Amino acid sequence: MKILDMLYEGKAKRIYATEDPDLLVMNYKDEATAFDGAKKGIIDNKGIVNNRVSCLLFNLLEKHGVATHLVKQLDERNVLVRRMEMIPLEVVVRNVIAGSLAKRLGREEGEVLPVPILELYYKNDELHDPMVNEYHAQALGWATREQVAIMQQKALQVNQVLQPFFDSIGIILVDFKLEFGLAKGEILLGDEISPDSCRLWDKETLDKLDKDRFRRDLGKEAEAYQEVVRRIEDALSDMSI
């Protein structure tokens with residue numbers, strides 16, 4: 001597959017065209033950002049880990065009936081994906097109170113929720129990704145009510161697969177964000193699922209194994225990311241996934 005011009009460069013990835021108009025190459029970078037880009041740095045081999053973790057988890061989700069944009073992993077940093085028209089909404093799934101939810105509601109981090117909370121955010125860096133709801137999405141033309149409902153249902157399905165999986169490898173899936181897009185009219189899970197887009201805590205120590213180590217200046221970010229991919233690879237190799 002010949003890689004052509006770069007179409008887009010974001011904070012964590014680059015997107016390239018290919019000879020096939022329906023396929024793109026997504027390249028993972030080591031750059032790390034937080035607080036809308038106010039904090040920047042490098043996490044060694046972050047792109048390699050995130051690519052591997054995301055591919056493994058997307059393959060697991062595909063086996064459980066969640067359609068994704070993944071075609072195949074090309075190498076350590078590059079993955080072949082379906083071209084999609086991205087829906088400018090993030091779906092955040094929360095199983096445990098942490099981060100902005102704790103601040104907004106004045107609750108302690110670590111409080112386990114009896115049911116997952118779903119939130120929608122409008123993807124716009126200039127506006128700092130504000131929280132919105134189904135009515136904003138419909139009224140402003142970002143997605144139909146039906147599309148939002150499908151995204152929410154898929155997000156809960158992802159949680160039903162990943163929460164017990166992470167639990168089985170000694171990790172609490174605290175929360176995570178998902179992005180979706182349209183490929184020939186079908187809503188597919190896109191972007192990535194990785195320590196960049198999830199909060200992952202060790203079950204025994206509650207050590208953070210995700211990007212919060214970078215956000216909060218905890219150090220040892222690379223080691224935490226490597227621990228996540230190691231546990232996932234070990235588990236999935238045993239499951240022959």
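Does Arg 83 count as buried, partly exposed or exposed? At 37% relative accessibility, Arg 83 counts as partly exposed; buried means under 20% relative accessible area, exposed over 50%, and partly exposed in between, with a 1.4 Å probe and protein chains only.

Before continuing, note the conventions. This is a predicted model in which local features need pLDDT of at least 70 and side-chain atom pairs count only at pLDDT 80 or more, whereas totals for chains, interfaces and linings use all residues. Residues are numbered from 1 along each chain as its sequence is written, and side-chain values use heavy atoms, with hydrogens and water left out.

**Stop 1: Arg 83**

Select Arg 83, in the loop between β7 (78-82) and β8 (85-96). Helices (H or I, at least four residues) and strands (E, at least two) are DSSP runs, numbered from the N terminus. Next, display the residues that Arg 83 touches beyond four places in sequence: Leu 7, Ala 17, Pro 21, Asp 22, Leu 23, Leu 24, Leu 182 and Ala 183. Contact here means heavy atoms within 4.5 Å. A polar atom of the Arg 83 side chain lies 2.6 Å from the backbone oxygen of Pro 21. Ala 17 is 66 residues away from Arg 83 along the chain, yet their C-alpha atoms are separated by 9.0 Å.

**Stop 2: Asn 27**

Move to strand β3 (residues 23-28), where Asn 27 lies. Asn 27 counts as buried because its relative accessibility is 9%. Show the side chain of Asn 78 as well: it makes a polar contact of 3.0 Å with the side chain of Asn 27. A polar contact is a pair of N or O atoms within 3.5 Å; within protein, one must be able to donate a hydrogen and the other to accept it, and residues adjacent in sequence count only if both atoms are side-chain atoms. Beyond four places in sequence, the contacts of Asn 27 also include Ala 12, Lys 13, Arg 14, Tyr 16 and Arg 77. From Asn 27 to Tyr 16 the C-alpha distance is 7.9 Å, at a sequence separation of 11 residues.

**Stop 3: Arg 199**

Select strand β13 (residues 198-202) and centre on Arg 199. With 13% relative accessibility, Arg 199 counts as buried. Its side chain is joined to that of Asp 212 by a polar contact of 2.8 Å.

**Stop 4: two positive phi angles**

Most residues other than glycine have a negative phi. Select Asn 45, which has a positive phi near 60° and sits in the loop between β5 (39-42) and α1 (46-63). Asn 45 is partly exposed, at 36% relative accessible area. Then select Leu 206, whose phi is positive at about 65°; Leu 206 belongs to the loop between β13 and α5 (212-215). The relative accessible area of Leu 206 is 46%, so this residue is partly exposed.

**Last stop: the whole chain**

Zoom out to view the protein chain, with its six helices and 13 strands. Along its principal axes the C-alpha trace spans about 50 × 40 × 40 Å. Colour by burial: buried residues make up 53% of the 241 residues.
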